[in-house]
Protein chains: 2
Amino acid sequence: MEKNDNTQERILSSARKVFMLKGMAGARMQDIADEAGINKAMLHYYFRSKEILFEMIFEQSLAQFFPRITGIIDAEIPFFEKIENFCGAYLAMLQQNPYLPLFVLNEVNQQPDYFKEKFWKNKDSLFLKFAELVDTEVTSGNIKPVKPAHLFINMISMCIFPFIGKPMFMMSSGMDELQFRYFIEQRKTEVAKFIIGSIKK
Amino acid sequence: MEKNDNTQERILSSARKVFMLKGMAGARMQDIADEAGINKAMLHYYFRSKEILFEMIFEQSLAQFFPRITGIIDAEIPFFEKIENFCGAYLAMLQQNPYLPLFVLNEVNQQPDYFKEKFWKNKDSLFLKFAELVDTEVTSGNIKPVKPAHLFINMISMCIFPFIGKPMFMMSSGMDELQFRYFIEQRKTEVAKFIIGSIKK
DNA sequence: GTCTATAACTCGATAGAC
DNA sequence: GTCTATCGAGTTATAGAC
């Protein structure tokens, strides 16, 4: 119980790194142990099994992946500003966690039922809140008539996909790391601008 | 050499199915054998190793993933129609191969250098052709001034991402398979409409 | 060409000393 | 708490009969 906290934290941090990069199927307990500077036995001492360790990481990744949007949605600001705020904030988070989307979506695709059963309980839907907001704006005549589902997916896609397709896009465009970073920096305003350009009256 | 072609085809077809769903790390030779209705030994008889079999599938998947766009890009039709055609055609292809994007992007992310070395040689860039086209339209004053890289990623994102995020989106929105199918059907025109709405003068 | 049996190896997990 | 050593299950790959 001496170095308990310290080691446990190091394991979680290492596990996070390895699982993010390799996924559940590709990750090796040995990799995690190496990354943490300990041996495999210790992993099992702190977390009984690979699956338990994985679930810890996955759960905390999910929480990050789903933005706490209530603040932005319910704010007393114009609709367009909400879009700007959301895209800016979400892109900034993804910049800090570039492997998050592929990791999460991969695991969800791998076992949708397990995910639904275990992690989807009582989760209030970001989508439904957004759709409600869009419908209000449409009926108020503030924006062009658009289908909320498409607008939602468009926005999410343009934020998330660049990180999923990053290596391939970098090859296609010839960008290096720095240029890509700048590219994302631009998107923090460009994505919202693009959306608003399409739906404003 | 009797059933050669037949069996070989069945193996490739089964391997494709399994690799698409599970990825290289998650796929098992046993699964592929079962799917093909043969035993593991036969897999190694036709394809010496799992890796060789995987590369066959991966290479043919890549060819599908990168649309042969020359026909659309070089066609003698207005720019907006090119966008409409591309989005419609690409979404239709993805509808037939819904697991293709996650599979390909996952494996590329897993080993970018290996991918670049082995599969990226002499590949003419879809992106560069598109960027050239956009620049022409902008300087001709046909569309608003937009950054080609952002426009390109926006278009690709909105086509591909719905398939990557499908299970999660279905949970969020409460859609069933049929509704999702209809949703994609709509996007074949909606995506282009959304883009054009944003860049037309 | 196709099968069964098994070798060779990887990896998660545990036993047991310290 | 931490380590070394090792077990046992699962997986790729091969040997050899038919």
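At what angle do helix α11 (residues 166-173) of chain A and helix α8 (residues 112-119) of chain B pack, and how far apart are their axes? In this predicted model, side-chain atom pairs count only at pLDDT 80 or more, local features need pLDDT of at least 70, and totals for chains, interfaces and linings use all residues. Residues are numbered from 1 along each chain as its sequence is written, chains are lettered from A and ligands numbered from 1 in the order in which they are written, and side-chain values use heavy atoms, with hydrogens and water left out.

The angle between α11(A) and α8(B) is about 40 degrees, and the axes lie 10 Å apart. Axes are lines fitted to C-alpha atoms, for helices over the stretch in contact, and angles run from 0 to 180 degrees between N-to-C directions. The two helices are therefore oblique to each other; angles under 35 degrees count as roughly parallel, over 145 as roughly antiparallel, 65 to 115 as roughly perpendicular and the rest as oblique. Pro167(A), Met168(A) and Met171(A) of α11(A) touch Pro112(B), Phe115(B) and Lys116(B) of α8(B), where contact means heavy atoms within 4.5 Å. Five of these residues are nonpolar, none is polar and one is charged. In this scheme Ala, Val, Leu, Ile, Met, Phe, Trp, Tyr, Cys and Pro are nonpolar, Asp, Glu, Lys and Arg are charged, and the others, Gly among them, are polar.

The interface as a whole takes 55 residues from chain A and 55 residues from chain B. The buried area between the chains is about 4,600 Å², with 70% from carbon and sulfur atoms; buried area is the accessible area (1.4 Å probe) that two parts lose on being put together, summed over both. In chain A, the most area is lost by Met168(A), Met171(A) and Phe194(A), together 16% of what that side buries. The copies meet through the same surface, because 100% of the interface residues of chain A are also interface residues in chain B.

Chain A has twelve helices and zero strands. Helices (H or I, at least four residues) and strands (E, at least two) are DSSP runs, numbered from the N terminus. The C-alpha atoms of chain A fill a box of roughly 65 × 45 × 30 Å along the principal axes.

Within chain A, α6 (residues 79-96) and α10 (residues 148-164) pack at about 25 degrees, with their axes 9 Å apart. That makes α6(A) roughly parallel to α10(A). Their contact includes Phe86(A) and Tyr90(A) of α6(A) and Met155(A) and Phe163(A) of α10(A). It has 13 nonpolar, one polar and no charged residues.

Within chain B, the axes of α9 (residues 126-139) and α10 (residues 148-164) come within 9 Å and cross at roughly 120 degrees. α9(B) and α10(B) are therefore oblique to each other. The crossing is right-handed.

Notes:
A crossing is left-handed if the near helix is turned anticlockwise from the far one by less than a right angle, and right-handed if clockwise.
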